[in-house]
Amino acid sequence: LTLLALLIFSTPALIATGETARQRWTMPIVALVLLAGMASFGIWRLQTTRIDMLADVKIRIMQPNLSQREKHRLSGQEVLTRYLALSDKATTPGTSGVSDVTHLVWPESSFPFLLAREPQALSQISGLLSPRTTLITGAARSEDDIGDARKNRFFNSIHVVGPDGVIADSYDKVQLVPFGEYLPFKDLFASIGIRQFVEIPGGFEPGARRKPLTVKGLPQALPLICYEAIFPGAIQYGNQRPGVLLNVTNDGWFGITSGPHQHLAQARMRSVEHGIPQIRAANTGISAIIDPLGRIMKSLPLGTEGIIDGPMPKVVKTTLYGLWGDFFAMILLFSSYALCIRAK
């Protein structure tokens, strides 16, 4: 899209610099036709693509609106109590809190403690969940280093917690944020007083591989933690196409700026590219349920505490990008390069 934008909107320069009428007008006309064709295809796709919903699935996204400063000021129990109370809110007349919800989603790094090592916290979560409700939540995870049992390795993870309070599945973030979650050239930067933003001894470790999550009642879910959602190549699923993209993030680092809006726009592009719906839970916003064409069905604005309830859309037909990836982009790029060489 960036390359096409440059090519299309640079063609008017030919009108001023072309020596003949053909040189002046051929490419601008081609550019206008291409732009009109793209717009027409987009309108046609939005108006004719049918979006169905998964039966018997009700999603609830909880957005706590906890700033980084507030999260570090509160105790772990205070944070959990706030999450539990907010998650159990009734949103419409006739609802009874979380009891009619099938899937409850909490954002990235939800707890200032390791959830898997806190049975009391898991017990409180189990007390909230109804027999038909599954919790999907961001959480830090730890495991002992195989070579040194005294050394812990920490991961930025997503847990799937059943109504019995047992962690049924987990995913460890693969694409870590440099200087945010780990420190490149650690010894060098540490020697001059530069450290990472996240206060984890030694930083986070990357997950071994990108893998889907198994969530009861949902099709295969492809997890994307925070800025993993900005990379087109992160949506890799081999022969088994996921039914939902699951993006949990903590945009509290941005504050009330344009950052969370840009982050949401990039996450929506992953749904557009692949025709896969998305559940997005953000700490301070913007949380959303996004349909497989990238349209926001429901959302919570930035800097707002609350919950949103909604249905879960099904995937649509596989897109060209889903089938071919960056193949067409590479053809366009090399063709442009060849034309530049020819022009010289």
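Predicted model: local features only at pLDDT ≥ 70, side-chain atom pairs only at ≥ 80, totals over all residues.
A residue is called partly exposed when its relative accessible area falls between the buried range, under 20%, and the exposed range, over 50%. Arg241, at 23% relative accessibility, is therefore counted as partly exposed.

**Arg241 and the loop between E6 and E7**

Arg241 is placed in the loop between E6 and E7. Its C-alpha atom is separated by 9.9 Å from that of Pro212, a residue 29 positions away along the chain. Cys226 belongs to the loop that runs between strand E6 (221-225) and strand E7 (244-249), and its phi is near 55 degrees, a positive value in a residue other than glycine. Because its relative accessible area is 12%, and the buried class takes values under 20%, Cys226 counts as buried.

Glu228 forms a salt bridge with Arg210, and the closest N and O atoms of this pair are 3.3 Å apart. The bridge links distant parts of the chain, with Glu228 in the loop between E6 and E7 and Arg210 in the loop between helix H7 (186-191) and E6, 18 residues apart. Are the two partners buried or exposed? Glu228 is buried, and so is Arg210.

**Two further backbone features**

The peptide bond that leads from Gly285 to Ile286 is cis, with omega near 10 degrees. Ile286 is part of the loop between strand E8 (278-282) and strand E9 (287-290).

A positive phi in a residue other than glycine is also found at Asn65, where the angle is near 55 degrees. Asn65 sits in the loop between strand E1 (59-63) and helix H4 (68-73), and because its relative accessibility is 22%, it counts as partly exposed.

**Cysteines**

How many disulfides does a search of the whole structure find? The search finds zero. A disulfide is a covalent bond between the sulfur atoms of two cysteines. Cys226 is buried, with a relative accessible area of 12%, whereas Cys340, at 47% relative accessibility, counts as partly exposed.

**Salt bridges and a charged network**

The count of salt bridges comes to 13.

| Asp100 | Lys58 | 2.9 Å |

Asp100 and Lys58 meet in a salt bridge whose closest N and O atoms are 2.9 Å apart. Asp100 lies in the loop between helix H5 (76-87) and strand E2 (103-105), and Lys58 in the loop between helix H3 (21-48) and E1, so the pair ties together parts that are 42 residues apart in sequence. Asp100 has a relative accessibility of 24% and therefore counts as partly exposed.

Arg280 is buried, and so is Asp251.

Which residues are linked in a network of salt bridges? The network is formed by Lys58, Arg60, Asp100 and Asp309. Within this group, the side chains of Asp309 and Arg60 are joined by a polar contact of 2.7 Å. Asp309 is found in strand E11 (residues 306-310), and with a relative accessible area of 9% it is buried.

**Aromatic and nonpolar groups**

The structure holds nine aromatic pairs. One aromatic cluster is formed by Tyr83, Trp106, Phe111 and Phe113.

On the surface, a nonpolar patch is made up of Leu320, Leu323, Trp324, Phe327, Phe328 and Ile331, which together have about 670 Å² of accessible area. The elements that give two or more residues to this patch are helix H9 (320-324) and helix H10 (327-343). Leu320 has its place in helix H9, and because its relative accessibility is 57%, where exposed means over 50%, Leu320 counts as exposed.

Note on methods
Residues numbered from 1 in each chain as written. Heavy atoms only, no water. Helix = DSSP H or I, 4+ residues; strand = E, 2+ residues; numbered from the N terminus. Buried < 20%, exposed > 50% of the residue type's maximum accessible area, 1.4 Å probe, protein only. Disulfide = S-S within 2.5 Å. Phe/Tyr/Trp six-rings, centres within 6.5 Å; stacked < 30°, edge-to-face > 60°. Patch = residues over 30% accessible without salt bridge, like charges linked within 9 Å, V, L, I, M, F, W, Y side chains within 5 Å. Areas by Shrake-Rupley, 256 points an atom, 1.4 Å probe, with all protein chains shown as cover. Salt bridge = Lys/Arg side-chain N within 4 Å of Asp/Glu carboxyl O. Polar contact = N/O pair within 3.5 Å; in protein donor to acceptor, adjacent residues only side chain to side chain.
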